[in-house]
Amino acid sequence: MKAWLWLAALAALAAGAWLIWRPKHAPTPAQPLTFLLTCDVHGRLVPCGCFTGQLGGLTRIATLFGSTAPDQIRVDAGDALAGSADYERIQYGYIQKAFAELGYDALNIGYREAHLSAAQLRDLKARAPVTMLSANLIDKATGAPLFDTHKIIRRNGWRVALVGVLDGHSIGEALGEGLAVEDMNVALGRLLPQLKGRADFVVLLAFADETALTNLAQQFYEVDVILGGKVRQPSQQLIKENRSLILATTNESRAVGILQVAQHGPHRLTAMKGEVQLVSDQIPQDETIAALAGAYRDQIRHTKLAIDDPATLRDDMVPGVQAHNSYAGTQSCIQCHPSAARVWSESGHARAFATLVNFRADADPNCISCHTAGFGTATGFRRDAGANSPFINVGCESCHGPGGEHVKLRSAGGAVEVHFRPVGPGDCQKCHHGEFSRPFDYATFWPDVAHGKESASAPPSNIRPPGSQK
């Protein structure tokens, strides 16, 4: 055979070998990936709006994150749900829609989600517009996972495996009916080998505390990035443990995590940026997400809830025994307490319900309890009464407790044997805490509403609560 034929044959063999063995998935070196992380959103579609200067809210996170980009991966590490009540589950549906609008790739299951029953979680999964993940939350009866254990996405040329877990050690009896939590190490030890060759990088969404996050990194060298979690505070700095980069955030939507990585050798990542950023009140609120919050409040206004049913509110009472005390309304108090009534009428407490009306939140159970008296009890504020209720605003009984028996005895002219304990900082902090208040200091705020016992000869008052019906 002539020399040129030998050369042609060798070239063909080399080309064939290259076609067979060439890297099929690895992108051009140094192609970046950016992870945008939320955790502990806690139902905060919007900041509550009671005070100026409030941080957080998915409305602001949407503006902060901006439009999706080819190099971005957006995930939530868990606890986006506020609680297990029916209205909180309805709200979670809108939060999932907000995540979809923001281009999220996956939502991990946290403790609050795991408080729901297996049936409720299946219902949420069936309607979810974003993939919900958990490799170790399982059906107690069958042992099968309730959600997808992982999701492989292609981003900026990479194949990235997203895996979700939650630490079951401290959830205890709060775990929902029909659920069990498999040990994270057992679940990951079974799953991670299955991902070998199917993904260039593994990202673990872990609802777990700081110690558990570090232990996972030490245990599983296959994991490149760990995003959490059930932590006391957002990460102060990016952590490198074993072969994993670890970043965590929390704080009820008021902080987000941002991690940018690039390729460093075959199938390895190096951090270019890793930080937690506060969701400032200076960030404008996205109108699309704000519209979802409005849609939630419109739906909840026209939905019959468990908290609206007096029979449900009496479930914790002894059958056949009538409650000793009930709510009477602020108007029943101010007749005999004119000086206290005058202080109250000049305070923001006397117009608290109007604040809800202004934000279209006057039917939202998340807000009502701190703007009315006795909501969630059999004798206090009812949603169907609205502004016509005698229990609107932060009235006397909001802090001092139900006064029905006290008013009854006083009206009868006999000895008044039912009195109220003194109010202290703890009573105020039931509502004045976190995002629901400016930084609260009892010694500073009390003088604005200071009042005490009336003199025995105090005349009846003609002060009426603002907005009360005549």
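**Cysteines**

I began with Cys431, which counts as partly exposed because its relative accessibility is 23%; here buried means under 20% relative accessible area, exposed over 50%, and partly exposed in between, with a 1.4 Å probe and protein chains only. I noted that the model is predicted, so local features need pLDDT of at least 70 and side-chain atom pairs count only at pLDDT 80 or more, while totals for chains, interfaces and linings use all residues. I also noted that residues are numbered from 1 along each chain as its sequence is written, and that side-chain values use heavy atoms, with hydrogens and water left out.

I then looked up the disulfides, meaning pairs of cysteine sulfur atoms within 2.5 Å, and found that the structure holds 1. It joins Cys370 to Cys431, with 2.2 Å from S to S, and the link is left-handed, with -95° about the S-S bond. The two cysteines are 61 residues apart, Cys370 in the loop between helix H13 (365–368) and helix H14 (396–400), and Cys431 in the loop between helix H16 (425–428) and helix H17 (442–449). For these elements I used DSSP runs numbered from the N terminus, helices being H or I of at least four residues and strands E of at least two. Cys370 is also partly exposed, at 27% relative accessibility, whereas Cys367 is buried at 13%. Cys399 is in no disulfide, and the nearest cysteine sulfur, that of Cys428, lies 6.1 Å away.

**Sheet**

Next I traced an open sheet of 6 strands in the order S6-S7-S9-S10-S12-S11, with mixed pairing, where two strands pair if DSSP finds at least two bridges between them. Strand S6 (150–155) and strand S11 (239–241) stand at the edges with a single partner strand each, so one side of each has no neighbour in the sheet. Strand S9 (residues 201–207) and strand S10 (residues 225–228) run parallel and are joined by 3 bridges, and Val203 has Val225 in S10 as its bridge partner. Helix H6 (residues 184–195) packs on the sheet, touching S6, strand S7 (158–166) and S9, and its direction makes about 165° with that of S7. I took axes as lines fitted to C-alpha atoms, for helices over the stretch in contact, with angles from 0 to 180 degrees between N-to-C directions.

**Core**

What does Phe35 contact, leaving aside its neighbours within four places in sequence? With contact meaning heavy atoms within 4.5 Å, I found Ile73, Val203, Val225, Leu227, Gly257, Ile258, Leu259 and Val261. Phe35 is among the residues that touch the most other members of the largest nonpolar core, which has 80 residues; such a core is a set of buried Ala, Val, Leu, Ile, Met, Phe, Trp, Tyr and Cys residues joined through side-chain atoms within 4.5 Å. Helix H3 (residues 86–101) gives the largest share of this core, 6 residues.

**Aromatic rings**

Last, I counted 9 aromatic pairs in the whole structure. Rings of Phe, Tyr and Trp (its six-membered ring) pair if their centres lie within 6.5 Å, with planes under 30 degrees apart stacked, over 60 edge-to-face and the rest tilted. Phe99 and Tyr104 form a tilted pair, 4.4 Å centre to centre with 45° between the planes, and both residues are buried. Trp158 and Phe201 have ring centres 4.7 Å apart and planes at 65°, so the pair is edge-to-face.
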